[in-house]
Amino acid sequence: MLAEDFKTSLVGGGQPLRNAQLLCADGRHLVVPFNNQLRVYLLTTRQCVRSLKFTVQNGISLEGLVSLRQDLENENLLWAFLASGEVLLINWREKVVEPLVKKIKLTLAKDDSLLSVVRFDGDSVLTLTGKKSSNPHTRSLVNYKLGNKIETSTLSSIKSTVLFAISKDSKTIAFLTKPGDNITQIVTLNVESGDKTTTPYPYKTHITAIALANDGTIALGSQSGVIQLVFPDTTIRALKWHIDAVKSLAFSNDGRYLLSGGLERVLVFWQLDTEKQQFLPRLAGEVSDIEVPTDELYMVTVRLDVNHEQYELLVLSSADLQSRLSVTGPRQAFTSPLSAMKKVHKLYEKDKSMDVQKLKYDFTTPVELHPTTKQMYLIHGAHLQVFDYHKSEQAFVQKITDTLQTGKVRSELKLMDPEVKKFAFTTDGKWLATVEEHHHGEIDNLLSQNDLTCVLKIWRFVESQKGQPQQSAQGVTSSWELITKIVNPHGVGVPVRSLIAAPSSYFHGLAFLSADVSGGVRLWRPQPSSPAWSLRKLKPSMGLHSNSVSLAWSPDSSLIFLGFDDTLIPIDTSSFEEITTPEITALTRVSGSTIRSLAIVDHTLVILASTCLKTINLLTLQENPLVVATHASKNSSNLLAINHTRGTLALAVNYYSRESKHCDSKIFVFSPHTLQPLYVSSHDTYISSLVWNGDEDFLFLDIKSRIGLVTSSKLSSEDEFEGSRDYEQEMAVLLAQAEASSKVAGKLNGHSIANAEEINSHKTLDANSFATLFDSIGTIKLETLFERVMQVVE
């Protein structure tokens, strides 16, 4: 294969941006901005009906997004206000070649950012500006009159502001200020008149959240969990339920209800007249933002900090607190927190001689694709998230083990939840093996606080039948049933470091191999007369210890290779004993450094070590020309993938670019027999995982949760990523032409195609009907495309 046989493209994924979603004026469409696209959801069907991907071609980037506002004259247009002062006018609904209509720049004071949009009427925008910091700084109320020449006027400034809140009617702004040590004041600003009212706040508790009702009532959430209501007559009333920091507050538009959330993972509804409470518990993370987007208490928007900088957006019905919509991206469990990325930049800038590939922090994450459904499985604490990358949405979350159902507060933070460490599928996708670890924290027991319990579980795939109720907002089509649970499968306190499935040649693939930190290997298979699994063979431990353990199993199932630290150990599958023939034992130290990952493609053993990537011909037991120097981190197995269809391998290399002062990556595609790569692709940020999609392509996930494909089918130049054809636009043009020539076209006059759902009791097909059909169009077969079209038509 030649380099022109490959291409790299981003096909979906991404993370929803925090607190910037927009409910459209029709009350039916919700626009959710992601870091790589705009997605529009129809609330009645809970489906994404439009996605606008950000590319170099259309020039759209919402980095630093502060607010989205719908144009008052043309509902197809959105105004996106960025912290930098840039304002983008985007056509979000119509299929046009250039969705970015125009871009303007608002003038900001030095070191200031746009913090919030108070009011927008199309001709002018009223904003709050200031330094983006949690420390006390000046906040300014600035009005921009839009036109050919933007006129700027500063209406008011409030010094030493820590937090602020804007009333729903945009007539009042409340500022929490700290003009001096141990002095806290509330400054209320009337936006229309400019009048200010200052109210001393008598308590010294650290304030973590603020909300303002239209009638002037202010809610202050504290670090201790107490919520103080400050009324216009300066009287104060306390609301007590939370036992740790209150992260978010919001009033209903009539001021009768208050919503609060925090570390407990519980959304609390307060009826202020009676102080009665309602609760929505067991959310997926701490409640970091709450919004009431409609005039009635009909819907609540909540964002949850599920992992580092990853969020989930929930839309709830106020009538029954049932979920109307759930939006999230891939939930990655990074080995190092993403916040450490800033430290990476500082390290490289400080030490110019530092190797750009030697990364102190590990930003990889384990990802596997299900062999039949092709859905992505990602470890998320005690759960596995199942993500459909074709639809770019979460399919469901599979609970693997029990955890504390509520959020941890105070001393509960010492309680350690069990975590999934490894998982693997059989080749037919019907069985799943998971390994979880239970670390006993300080509170559990003084004698057992350092103990470790390892649990191996075997699950059976269960597809739901038609007509069964859906189990999630997006709909669940399958789940997993626990069949076998084995506590401490390799002995008490012995962690499992590698888990793989058998090749299909070994009992039709119905087996799993596990290896521990002492070099012990165990084989698990189902019992002959029952679905339960049990231990069938074992290789005793070597009495040594290493966390670098990996396994590989030959396609003909005759050989097993164990990588233990820097040693390669061949094992005969039949006897389950080490092979000691001179020819094989010569490979023991072939890696030259600590082995990070092993894989087998055709008759070639692929070894990824800490200092090199090399391949061994298993027929001749000789090294192939492919020997490449690299710096592989502890979990670099997440960055190596094997294409068993084409017999190729792909390796993602993360590095720091001194020229751009940016963290970049490259994907190399090799034939295992040649040194020259078949293809090299550059990516604009670190890659966290690389897997084979079971067909022709490699799939990768980056630290921004964007999903990309390295496709190996030969494409014409017009299909390249930077100049890719807009299939959705072509469909829109065809539909428009069909409508013009149809006899019923006249009946549709005065109606927007995008809004017409049913005409004369018949389903109407429009551009939005096929919006998601063309996602990853370059990677699917013609038969699959035809099936998608028929599903829409039917």
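In this predicted model, Leu-551 sits opposite Leu-562 of strand 42. That pairing belongs to a set of five bridges tying strand 41 to strand 42, residues 559–564, with the two running antiparallel. Zooming out, the pair is part of an open sheet of four strands, ordered 41-42-43-44 and paired in antiparallel fashion. Strand 41 (549–553) and strand 44 (577–578) take the edge positions; each has a single partner strand, so one side of each goes without a neighbour in the sheet.

The loop that links strand 41 and strand 42 holds Ser-557. Setting aside neighbours within four places in sequence, the contacts of Ser-557 are Pro-503, Ser-505, Tyr-506 and Thr-573.

Elsewhere in the chain, strand 10 (residues 113–120) gives another picture of burial. Seven of its eight residues are buried, so strand 10 is largely enclosed by the rest of the structure. Its partner is strand 11, residues 124–130, which runs antiparallel to strand 10 and is joined to it by six bridges. Within this pairing, Val-117 has Thr-127 of strand 11 as its bridge partner. Strands 10 and 11 make up a hairpin, with three residues separating them. In the turn, Gly-122 shows a positive phi of about 95 degrees.

Methods
Residues numbered from 1 in each chain as written. Predicted model: local features only at pLDDT ≥ 70, side-chain atom pairs only at ≥ 80, totals over all residues. Heavy atoms only, no water. Pairing = 2+ DSSP bridges. Contact = heavy atoms within 4.5 Å. Buried < 20%, exposed > 50% of the residue type's maximum accessible area, 1.4 Å probe, protein only.
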